[in-house]
Amino acid sequence: MSIETMTFQPVIETARFDLRPIRQSDMGLWSLYIGDERVARMVPHIAHPLPPGAGEAFVARATNPDRDKEFWVMDATKVGGAELMGVISLDRVDEAQAEIGFWVGPPHWKTGVASEAVAALIAANPLGNRTMFASVFQDNKVSSRVLLNNGFEYVGDAEAYSVARQANVPTWTYVKTLV
C-alpha cells in the first residue's frame with residue numbers, strides 16, 4: 001500500500017482499488033447508491049428520498065479547501081472495475097482523533113470492499129490521528145463486523161438521529177488506538 005499526494009488530499013492505493021478524492025464526475029453514482037433506501041437508512045445524515053441538488057452539494061462540501069471532513073471514493077478503475085463503489089470519510093474531532101464513516105453501494109456488497117477500505121485508511125492514517133472512532137446503527141451488523149475485523153473495540157451504546165428514518169436509532173460505538 002502506498003500514498004500519493006494530490007492537491008489537498010492523498011490517494012491511498014490498495015491492490016483492488018484506490019481511495020481517491022471526490023470529483024465532479026462522482027455525482028451520478030453517488031446519487032444512485034446513496035439514494036437507495038437500504039443505503040440511506042444506514043447513513044445518519046442522508047435523507048430519503050434525496051432532495052434535488054444533493055449530489056452537487058456533496059461534491060461542493062467534499063472539495064471545499066476549508067472542509068473539516070475528508071472524503072474518499074472507493075475507485076476500482078485501475079483493475080477495470082467501477083469508478084465509485086462507495087465512500088469512506090474521516091471527520092476531524094480534534095488534532096488527535098477522527099470519526100471514520102463509510103458506505104458501499106449495493107452492487108459491491110459482500111465483496112470485502114468496506115473492510116479493505118477501512119484497513120487502508122487506518123494503515124495510511126492520513127490525518128496522523130492517535131485514535132479513530134466510529135458509530136453504527138445497531139441494525140447494521142455488517143458495518144459492525146467491518147470495524148471489529150479491523151481492530152476496533154466496542155465501547156458502548158448510544159443513539160443518533162437518522163434523517164432517512166426520521167427517528168433516533170440505537171447505535172454501537174467503537175474505538176481504535178493507532179499510536
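Select glutamine 166, which lies in the loop between strands β8 (153-162) and β9 (167-177). Helices (H or I, at least four residues) and strands (E, at least two) are DSSP runs, numbered from the N terminus. The model is predicted: local features need pLDDT of at least 70, side-chain atom pairs count only at pLDDT 80 or more, and totals for chains, interfaces and linings use all residues. Residues are numbered from 1 along each chain as its sequence is written, and side-chain values use heavy atoms, without hydrogens and water.

Glutamine 166 is not a glycine, yet its phi is positive, about 55°. Most residues other than glycine have a negative phi, and most peptide bonds are trans. Glutamine 166 counts as exposed because its relative accessibility is 63%; buried means under 20% relative accessible area, exposed over 50%, and partly exposed in between (1.4 Å probe, protein chains only).

Next, select lysine 110, in the loop between β6 (97-104) and α4 (113-124). Its phi is also positive, near 60°. With 87% relative accessibility, lysine 110 counts as exposed.

Go to proline 49, in the loop between α2 (37-40) and α3 (54-63). The peptide bond that joins histidine 48 to proline 49 is cis, with omega near 0°.

Finish at helix α5 (residues 141-149), where Ser143, Ser144, Val146 and Leu147 are buried. They sit on the same side of α5 because they cover an arc of only 155° around the axis, taken from the directions from the helix axis to the C-beta atoms. Exposed Val142 and Asn149 are on the face turned away from that buried side. Just after α5, glycine 151 has a positive phi of about 85°.
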